[in-house]
Each structure stands twice: as C-alpha cells, then as structure tokens.
Amino acid sequence: MKSDVIGKSLTPLPAFLLALLLVVASVMSPPANADDGYDLWLRYQPLAADARDQYRPQLRQLIIPGSERSPTLQAIEREMVDGVRGLLAQVPVVDDRIQGDGFVLVVTSQTAQAVRGAGLSARDLNDLGGEGYLIRAITLRGQKGTVIAANNEQGLLYGSFHLLRLLQTGTKLANVDISSRPRIGLRLLNHWDNLDRSVERGYAGQSIWDWWNLPDVLDPRYIDYARANAALGINGTVLNNVNASADSLTGRYLAKAAALADVFRPYGIRVYLSARFSAPVEIGGLDTADPKDPAVQRWWNDKADEIYRRIPDFGGFLVKANSEGQPGPHDYGRSHAEGANLLARALKPHGGVVMWRAFVYQQDNPEDRAKQAYSDFVPLDGQFDDNVIVQVKNGPIDFQPREPFHPMFGAMPKTPLMMEFQVTKEYLGFASHLAYLGPMYEEVLEADTHAAGPGSTVAKVVDGSLHNHKLTGIAGVANIGSARDWTGSIFNQANWYVFGRMAWNPDLEAEAIAREWLKVTFGQDPQVLDTGLDMMMASRQAVVDYMTPLGLAHLMATGHHYGPGPWVSDLARPEWNPVYYHRADHNGIGFDRTSEGSDAVSQYAPAIAKQFASRSAVGDDLLLWFHHLPWDYPMSSGRDLWEELVHRYDRGVAAVGKMRAQWQTLEPLIDAERFDKTARLLQVQEREAQWWRDASIAYFQSVSGRQLPKGVAPPARSLEYYKAVDYPWAPGH
Ligand code: BDP
C-alpha cells in the first residue's frame with residue numbers, strides 16, 4: 001500500500017480513446033426503445049448533457065488504496081467504473097494515487113494512513129458502525145475530490161452505490177457531506193421459492209434460483225440480484241419458501257445454497273434458509289421432532305455444524321411452525337419458545353439467528369383470527385433465547401390492502417420483533433395492478449403503539465430503540481422472479497426498491513423514495529416525475545377503495561386471492577371465508593372488535609384501544625375493521641354507510657381511470673417498451689377495478705337490500721355472473 005495517496009498531475013484519457021470508447025458503447029448499448037427493465041435502478045443511462053458536464057470534472061479518477069483487491073473492492077471498482085462510464089460517458093482512471101482534481105477516494109479505517117491522508121479522523125468513522133459510510137467533498141493539498149469512507153468494505157460498497165445514486169438523481173457533489181448507517185440490522189428478502197422453481201405468491205415467472213443446475217451453473221443474474229440489493233442496503237436473503245421442504249437442508253441442497261452464498265458474499269448479502277420443523281424426522285431418520293428430545297437437539301446441532309462448514313457466514317433459519325398445517329412444537333405439547341430455542345441453540349455457537357414467525361392461527365380456535373398470534377406469543381415474552389427474533393406481519397390478519405398495525409408490536413418488550421412486509425402483491429392485484437406500497441409501509445412504521453407512551457412508533461420497536469434490543473430486523477416477501485423485468489412490471493420494481501430503502505431507514509418518506517425511484521428508473525424529466533409521483537402516491541389507496549374500502553378485509557376469491565369473492569362462505573375453516581371478515585347482513589356490515597365483540601382492541605395499549613373502540617375516533621379507513629355498523633350509519637362525509645361504501649368503490653375505479661389517462665400523457669417521454677407494457681397493464685387494472693366494484697356492489701346490495709344512491713351506475717352484470725367467474729390457473733398458488 002502506498003503511504004501517501006496524494007500525487008501530482010492527472011493524465012487525462014486521450015481524446016481519441018474516449019471517442020472510440022463512446023462509439024463502442026453506443027453500438028453495444030440497446031436503443032432507448034428496447035428497455036425491458038432488466039437493469040432496475042442500476043440503468044446507468046447517459047445523463048443529460050448539462051449534468052454530464054457538471055459531473056465529469058468531479059469523477060475523473062477512482063482511487064482505491066491498497067495493492068490487494070478483495071472481492072468486495074473489485075465489485076466496488078466494477079460498479080463505479082461501469083456507473084460513471086454509463087452516466088457520464090467518461091471512463092474514470094483507476095489508480096492508487098491522486099493525480100489532480102476530480103478524484104473519488106474510497107477508504108476504510110483499515111487503510112488508516114489513507115484515511116488520515118484524506119483528512120479524516122477516527123472520530124469521523126466512529127458513528128458509522130459496521131455498515132455505515134460517509135461521502136464528503138474534500139480538498140487534499142489543493143486537489144478537490146470526494147471521499148467515501150467506512151469502517152469496512154461493506155460500508156464502502158453501500159457508499160459507492162449511494163454516490164452513483166447522487167449522480168442519477170442530480171444531486172450536486174461540490175459540498176456533499178453525507179453520513180449514513182442502517183437503523184435495522186437484518187434487512188432481508190424472504191423468497192417463497194420452491195425447489196421445483198415455482199414461487200408461492202410469485203407473479204413474475206419462475207424462481208430466479210435454478211436449483212436443478214446449481215451449484216454447477218451460476219446464472220449471471222445472481223450477481224445482478226446481489227448488486228440490486230446491495231444498492232439498497234439489503235444484507236440477507238432467505239432462499240426458500242416458509243412452507244419449506246426439509247430437502248432444503250440435505251447435503252445436496254446445502255451445496256446449492258453455498259454456491260449462491262459465494263456469489264452474494266462480496267455484496268454483503270448473507271444466505272438464510274427456511275427450516276421445516278419436522279426435518280429431523282423427514283431427512284434425519286428420527287421418529288420425533290420434539291424439542292425436548294436430546295436426539296433432536298443433537299440432530300439440529302449437527303445440521304448447523306454441517307451448514308457452517310459449507311457456508312461460514314450462514315445467517316440462520318426462518319421458521320413457520322404450527323401455522324396453516326406446518327409442523328411445529330405444539331405437535332409435541334411444547335411452546336413456540338421451546339421450538340425456537342431448539343434451533344437457536346444449534347446456531348448459537350456459529351453466530352446464527354432464528355427468525356420465528358408469529359403468523360399463526362389455529363384450526364378449531366374460535367377466537368377472532370386477528371387475536372390469535374398475540375394470544376399465543378405475548379405470554380412467552382422473556383422466554384426466547386437471545387438469538388431468536390420473532391417475525392411479525394405488519395397487520396394482525398394477513399397482508400391485506402389495509403390493516404391496522406399488529407398488536408404484538410410494542411407488546412413484547414423483552415423479545416426482539418422483526419417486521420414482515422409483503423412486497424409481492426398477493427392481495428393487491430398481483431403484478432398486474434399498479435400499487436406502490438411505500439405509503440402502506442410508511443403508515444405501519446409510523447403508527448404509534450403507545451407501548452411506552454406517545455411516540456412509541458412501530459419503527460422504534462423494529463429498530464430496537466424502544467426496548468433496547470441489539471438484534472433487529474425487517475423482512476420483505478420478495479416479488480422477484482425470472483421475468484426480464486424481475487418483478488412482472490416496471491412499477492413493481494418500486495416496491496422492492498422502497499422496501500430496501502425503508503429497511504435501511506424506516507423513517508424515510510414514501511413520497512421522497514417514489515421520486516427517487518422515478519429518477520433512477522425514468523430519468524429527470526419533470527413531467528415524468530410529477531405525473532409518475534401522482535400516480536404512485538394515489539395507487540395504493542385506489543386498490544383499497546376498489547377492493548376493500550373502509551376497513552374491510554380478506555374479500556378476495558378463494559385460494560389464489562385474485563379478484564372479488566365477498567360471497568364465499570363454504571370453505572372448511574371459518575376464517576378462510578370472506579363472510580367471516582365482513583359479517584354483512586340485512587342490518588349492517590363490519591367486524592365488531594370492541595369489548596362488545598371479539599375485544600381485539602384490548603390487545604392494543606389503552607390509548608390506542610380507546611381510539612380504535614370509538615366509532616368516531618377510529619377514522620373511516622379502519623371503521624369496519626373494528627366496528628359492525630348499520631347500513632344507515634351516518635358518516636363524516638354526510639353520506640350514510642351504504643352510500644359511502646358505494647362511493648368508495650366508485651372512487652377507486654375513477655382513480656385507476658385517472659392513472660391510466662395520466663400515463664398516456666407520458667407516451668412521448670418514455671421508451672416504447674416500458675411505456676406500452678405499463679399502458680396495457682393499466683388497462684387491465686381499470687377493467688378489473690370495475691369488476692371488483694361491480695361484483696362487490698352487486699353482492700352487498702343483495703344482502704343489504706338497499707337501493708343504489710341516485711346517479712350511481714348499477715353493476716354491469718348479475719351477481720350470479722360474478723360468482724361464476726373462475727381463474728383455475730392463476731399464478732402463484
Ligand atoms: C398467506 C399466503 C400463504 C403463505 C402465508 C404465510 O396466502 O401462501 O404461506 O401467508 O405467510 O398470506 O405463511
């Protein structure tokens with residue numbers, strides 16, 4: 001390593017060489033009208049001329065001190081060179097000595113002399129933790145440049161992606177001074193991917209994991225997956241479905257997982273696996289999986305040893321137990337804590353964690369489904385080992401277009417709780433409908449649990465600050481498949497993006513992230529940005545309105561959950577039927593969760609319970625989640641409940657019509673391929689919003705016996721018609 005990174009003169013790239021490179025680049029890059037969305041937020045298309053002119057002098061040289069390039073430093077170098085070349089049409093000189101103005105210096109505290117050389121002190125890096133970074137404009141011996149500094153290489157990687165994002169979003173570098181560190185430790189995607197390459201609730205083609213050909217064949221896509229995630233700060237991935245096959249833990253499949261771990265490692269992404277609780281029986285030859293049986297403990301210990309031999313930085317297990325037919329500790333009369341601790345003890349010597357899911361509800365339990373997880377788990381607070389984190393869905397039922405926050409958040413102070421969001425849109429129109437989920441994530445994260453007084457937001461539970469937990473996490477059920485655009489539509493990419501950005505900082509605003517995503521995806525045209533932002537910010541509420549307005553939930557068709565099915569009442573378990581959730585009859589509609597009803601409100605802190613229990617304070621958006629009300633209940637709008645319900649359905653359809661028309665105005669500004677696919681999907685969405693509206697109104701009219709308000713169009717078809725609509729081959733099921 002050179003002790004001094006300051007040098008003398010910059011050798012500019014000879015003009016003819018640059019010109020040649022540009023010609024080659026323009027021949028090789030596809031025309032703007034053939035953008036299939038593969039590049040996600042790493043498009044690196046040339047910036048507008050004025051932006052290029054502004055940045056070029058600032059990015060002439062990339063300095064990475066040290067003679068050895070670790071795989072992570074190599075990844076940084078590749079990304080920076082490719083990014084700058086694409087965005088600025090300028091190839092930065094990679095060197096280990098500063099030769100003039102316009103350098104980007106990439107240093108860790110290990111390259112201590114370099115850090116000092118960059119005018120930084122240990123104190124500058126102290127607050128950055130293991131993954132944070134700073135990006136700062138500096139002048140070194142008269143030479144102007146930018147430094148990216150971190151305590152280790154993972155931070156440098158994140159900082160490098162951030163610098164590229166600054167260019168993509170048009171942020172000035174001259175006085176840049178950013179320091180950033182993640183608020184949450186485990187920032188993971190959960191893939192519900194099966195070993196046959198089908199994806200549970202996946203709407204973007206087959207699994208990207210080509211299990212069959214792994215570990216011998218490594219699809220280059222794995223690297224792009226890692227890059228895309230690292231750019232957001234995602235640092236782990238659970239490879240297989242929570243409805244897990246025990247085969248994932250066999251030697252053959254561990255070798256495949258290990259191959260993926262090797263690809264992801266330079267990008268700071270650890271591999272995790274969903275573990276089937278009964279694996280000791282299914283692949284271990286034992287006759288029990290009882291957590292109290294020493295042979296079972298031994299089996300898991302040995303399994304963990306084997307995994308860590310293959311994957312030294314293996315992250316740990318995700319477990320769905322005693323839920324929807326999955327095996328678990330209850331099968332042996334043991335608690336969730338006893339089950340979780342069994343696996344935790346096996347992982348502990350290796351530093352692994354258990355993410356134990358709280359998504360449980362039991363067959364034959366007559367209790368309100370919304371209450372069951374809390375009832376099962378809260379009494380166990382304090383009984384989990386310290387490498388267990390309980391993974392809780394954002395709401396108490398199941399990834400609905402809108403739910404109140406889960407009452408477990410704030411209710412288990414001695415247990416770290418991690419958030420589980422669904423990024424794939426199982427209940428929000430699959431990949432076909434445009435729904436930007438940022439506002440939904442934001443709504444939940446900023447919800448106040450009141451667990452330790454006002455201001456005890458869900459975000460503070462999840463980032464560990466409320467109850468002083470070091471182990472913290474957030475998971476997003478991935479919407480990724482092998483579709484060229486990864487997520488089935490361009491706008492679905494925004495949901496992966498916003499999940500990752502909020503996982504890094506749960507206080508980021510959905511709107512700001514939407515704007516940022518639009519820039520990295522479509523460029524800087526103000527009309528595209530303003531129109532796109534309008535569409536995105538209205539989209540989730542539109543889905544709520546045309547599917548499940550006013551706090552209704554789970555009215556989707558059976559099994560695949562696509563399209564309306566509010567009439568369904570014949571499924572084996574009561575809580576599988578939409579009628580269980582809306583409880584509509586001639587007199588009224590809604591689920592009474594006050595003390596007169598299921599008393600689910602009592603699972604919230606008193607201040608929140610009081611708010612939810614009050615018909616006026618709860619607000620229209622969650623009204624029917626907590627209250628059963630007569631059809632003529634007077635709403636704050638001046639309409640009665642029936643009229644308001646119909647109004648919301650109409651409002652939802654109108655909002656989609658507006659989005660579609662807005663998108664049309666962007667045709668001249670967006671490449672043909674991305675424009676056209678989005679336009680077609682918006683047509684589908686408008687048609688299906690109308691279908692949802694018509695079918696729902698037809699059904700609720702049949703139970704309420706009420707007339708449609710004046711001027712409201714009747715449903716296009718009969719209720720019988722809507723009931724007969726069937727999608728036997730809907731994906732993801
Ligand atoms: C439900 C899905 C089901 C999942 C389950 C879960 O319909 O496919 O297995 O969640 O989260 O919403 O375990």
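Keep in mind that the model is predicted.

I'll start with the domains. The protein chain splits into three parts: domain 1 covers 35-180, domain 2 covers 186-522, and domain 3 is made of 545-591 + 628-724. Taken over C-alpha atoms, the centres of domain 1 and domain 3 are 49 Å apart.

Now the ligand. It has 14 residues around it, and the closest are Glu200, Lys320, Arg357, Asp398 and Glu426. Sorted by type, the shell comes to four nonpolar, two polar and eight charged residues.

For aspartate 398 it is 2.6 Å, and for arginine 201 it is 2.9 Å. As for cover, on its own the ligand has 320 Å² of accessible area, and the protein covers 97% of that.

Last, aspartate 290. This residue sits in the loop between α9 (279-282) and α10 (294-310). Is aspartate 290 buried or exposed? Its relative accessibility is 13%, so aspartate 290 counts as buried, the cut-off being under 20%.

What does aspartate 290 touch, leaving aside neighbours within four places in sequence? The contacts are Val296, Tyr332 and Arg334. With arginine 334 there is a polar contact, side chain to side chain, at 2.9 Å.

Terms used:
Residues are numbered from 1 along each chain as its sequence is written. This is a predicted model: local features need pLDDT of at least 70, side-chain atom pairs count only at pLDDT 80 or more; totals for chains, interfaces and linings use all residues. Side-chain values use heavy atoms; hydrogens and water are left out. A residue is near a molecule or strand if one of its heavy atoms lies within 4 Å of it. A polar contact is a pair of N or O atoms within 3.5 Å; within protein, one must be able to donate a hydrogen and the other to accept it, and residues adjacent in sequence count only if both atoms are side-chain atoms. Accessible areas come from the Shrake-Rupley method with a 1.4 Å probe; for residues, only the protein chains shown count as cover. Ala, Val, Leu, Ile, Met, Phe, Trp, Tyr, Cys and Pro count as nonpolar, Asp, Glu, Lys and Arg as charged, and the others, Gly among them, as polar. Domain bounds come from an automatic or database domain assignment. Helices (H or I, at least four residues) and strands (E, at least two) are DSSP runs, numbered from the N terminus. Buried means under 20% relative accessible area, exposed over 50%, partly exposed in between (1.4 Å probe, protein chains only). Contact means heavy atoms within 4.5 Å.
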